[in-house]
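Before reading on, please look over the sequence and the model shown below. The paragraphs after it take the structure one part at a time.

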Amino acid sequence: MSSIPVLLDVDTGVDDAFAIALAASTPYIKLLCITTCFGNGTLEQSSLNTLKIAELLKLDVPVAAGARKGIISPLRRGLGREAHGDDGLAGRAGKLPYPRRSLLDMGAVELMAGMIGSCPDNVIIASTGPLTNIATLLLAHPELHDRIDGIAISGGAVFGGNLLPTAEGNFAADPEAAQIVLTSGVKVLMCGLDATEKAYATFEDRERLRLAGTRASDFLCDTLREYAEYYENTMLMDGCPIPDAVPIAWIINPSIIKGTPYYVEVDLNGKYTRGSTIADTLGVRDRRPNVIAATDIDRRAYLKMLFDALTYYTDR
Amino acid sequence: MEKRPLIIDCDPGIDDAQAIMMLAASGAFDIMGITTLDGSCSLQQTSVNALFLSELYGIRTETAIGASRPMVRSGMPYAEETNGSNGLAGYSYERPEMSLYGGLAWELVYRRALEADGNLEIIALGPLTNIATAVLKYPALTEMIKQIVIASGSSRAGNITPYAEFNSFRDPHAMSVVLDAGFKRLVMVDLEASRKAFMYADEAVRMGEYYGRVGKLFRRMINYNRDKARENGERDDTPYYSHASVAAAIAVNPELARLKPYYALCETQSTLTMGQTVIDWHDRFNHRPNVALVDSIDRDGYIKLFFDCLSSYSEKDGGNANE
């Protein structure tokens, strides 16, 4: 079986950690590198958390840091603090040792470009944070566009929003970057709130995930506890969504997700709608679809995939 | 005096052609590269023009192509009315032989910045797409550049919309990224600077009075500009403006301009003021300055420098040049 080369860009983040764990555990994916972006917290925080998670999972992949803030938008401190905690890992980052491995001495975009350039096969890029690094990659490397088979994004929403009434956090954090990525001509798989809010884990589901029973899985499941409090007690949802692993799940097995092709752009100018994804659901704009939007997900299959990933990381 | 290492980022363009002439002729710079982008006309055309101008002015350096479109905006027009169909007033030349640098514009900029060890200067004569891409890809670049001079923005009236200047209107996002990037010294030569450093019509006419290949190009350009102005109903004694060459003059001789530090922003959202550069005159945003804006300029000194440079390429003909 041949595995798909994947580059992962993250702003770790409780659910980003699950995305990393899923991407690194499956034989379907060859994880080439991880790059970090501001988002759930500052760039420093997301980089440190990424290194800690990589070490917890005993990964041997290069990690490089990228954007400190959005292309235009000023940094909004702690976008995800309510759910992810002040340290981005539900207050538990301190329980992981300071990582022995460090960031590469090059920028995220240089690392990504080098990896794509030297990979014999075409790659897929997966993103779980603001799209600043990936937009910069696409701007700076037009020669690599046709080496990228797809960009799988955790972000956006055909309908609804979270940070704003109609805007999802990763897109709202850098609307210009999202617009650059969506209109680049590279195929985009947009895992927006339409699907990711359905990719939730109830208390019972989380107890089942815990049965994986390794040091790594225990840590990840622990972080879900405080994270879930926000979604269940404040947002009154049935469980906590784990959005950021959805694009990885899509790469592994597209059949568990329902995708609908749309022409989608990002609003850059609205007083209330800046950062919103405008999907032409009515087909009134007469443009060819540039995005396949995830609109539904087989939640059971997704959680099974996450469980399998957690059992991969043995204590040896 | 030691020559200062310089990268010229440009979209030639008539005024860029005038500016590059000054940068080459002044002897102030060791030109370490030319990078091109779309703006006055397409990327392909500005790149061929840049190669032609390098050869014409005797600049021995590498040219790298850059952005073929603005970062975010699409469907933006070129400035063909101002610069002619090929960007150089329709002046036809033999396709230049010199070849292009293997990498893209931002890679050349970064490479030269590393080599120059903190001494590299940049002059950006067109939209700022290339420079913005460079600082987004290489965040450390801003610390490595000694000074960047930009011919962009408008602190008062614009030239493409009431308040926006062409370069910052064409790629306002890039302008915003560059203003925000944290360059140690960012000299903003806005439209007001070029208005203050106007050329009297009879001075501008002198541009067409030189022998030689350079003279021939300048004659074609000034005649084209003056014919267009006439078509647009302007009087023959209307002053002439060359925005890019004012930036070049200030880069060559900083003493020509008095600069003042301000915090400047570029509007990227409004439909009415898109691309307008907002200067925080009265410190309303309470933000540390990010530009050195031209406050006043020695007009006569600029004119003298311009013609000193031009005449270094050819003898003046006294008004009857017809090579």
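The model is predicted. Chain B contains 13 helices and 10 strands. With a radius of gyration of 18 Å, close to the 20 Å that the globule rule gives for 323 residues, chain B is as compact as a globular protein of that length. Along the principal axes, the C-alpha atoms of chain B fill a box of roughly 55 × 40 × 40 Å.

How are the strands of chain B arranged in its open sheet of 8 strands? Their order is 3-2-1-4-5-6-10-7, and the pairing is mixed. Strand 3 (63-65) and strand 7 (257-262) of chain B each have a single partner strand, so these two stand at the edges with one side left without a neighbour in the sheet. On average, neighbouring strands of this sheet are turned by 25° against each other, direction ignored. Within the sheet, strand 1 (residues 4-10) and strand 4 (residues 120-124) of chain B are paired in the parallel sense by 4 bridges. In this pair, B:Ile8 has B:Ile123 of strand 4 opposite. Helix 2 (residues 43-57) of chain B lies across strand 2 (29-36) and strand 3 of chain B, at about 155° to strand 2 of chain B.

Chain A also has an open sheet of 8 strands with mixed pairing, here in the order 3-2-1-4-5-6-12-9. The edges are taken by strand 3 (63-65) and strand 9 (257-262) of chain A; each has a single partner strand, so one side of each lacks a neighbour in the sheet. From one strand to the next, the twist averages 25°. Strand 6 (residues 188-191) and strand 12 (residues 291-297) of chain A run parallel and are joined by 3 bridges. A:Met190 is placed opposite A:Ala293 in strand 12 of chain A.

Two helices of chain A pack on this sheet. Helix 1 (residues 14-25) of chain A touches strand 1 (4-10) and strand 2 (29-36) of chain A, and its direction makes about 165° with that of strand 1 of chain A. Helix 2 (residues 43-56) of chain A touches strand 1, strand 2 and strand 3 of chain A, at about 150° to the direction of strand 2 of chain A.

The structure holds 1 cavity of 30 Å³ or more, and the largest cavity has a volume of about 30 Å³. Its lining is formed by B:Gln147, B:Arg185, B:Val187, B:Ile250, B:Pro254 and B:Leu259. By class, 4 of the lining residues are nonpolar, 1 is polar and 1 is charged.

Conventions:
Residues are numbered from 1 along each chain as its sequence is written. Chains are lettered from A and ligands numbered from 1 in the order in which they are written. This is a predicted model: local features need pLDDT of at least 70, side-chain atom pairs count only at pLDDT 80 or more; totals for chains, interfaces and linings use all residues. Side-chain values use heavy atoms; hydrogens and water are left out. Two strands pair if DSSP finds at least two bridges between them. Axes are lines fitted to C-alpha atoms, for helices over the stretch in contact, and angles run from 0 to 180 degrees between N-to-C directions. Contact means heavy atoms within 4.5 Å. On a 1 Å grid over the protein atoms alone, a cavity is a set of points where a 1.4 Å probe fits but cannot get out, and a pocket is an open set with protein on both sides within 12 Å along at least five of seven lines; lining residues have an atom within 4 Å of a point. Grid points are joined across faces, edges and corners, and a volume is the space filled by probe spheres set on the points. Ala, Val, Leu, Ile, Met, Phe, Trp, Tyr, Cys and Pro count as nonpolar, Asp, Glu, Lys and Arg as charged, and the others, Gly among them, as polar. The radius of gyration is taken over C-alpha atoms; the globule rule is 2.2 Å times the number of residues to the power 0.38.
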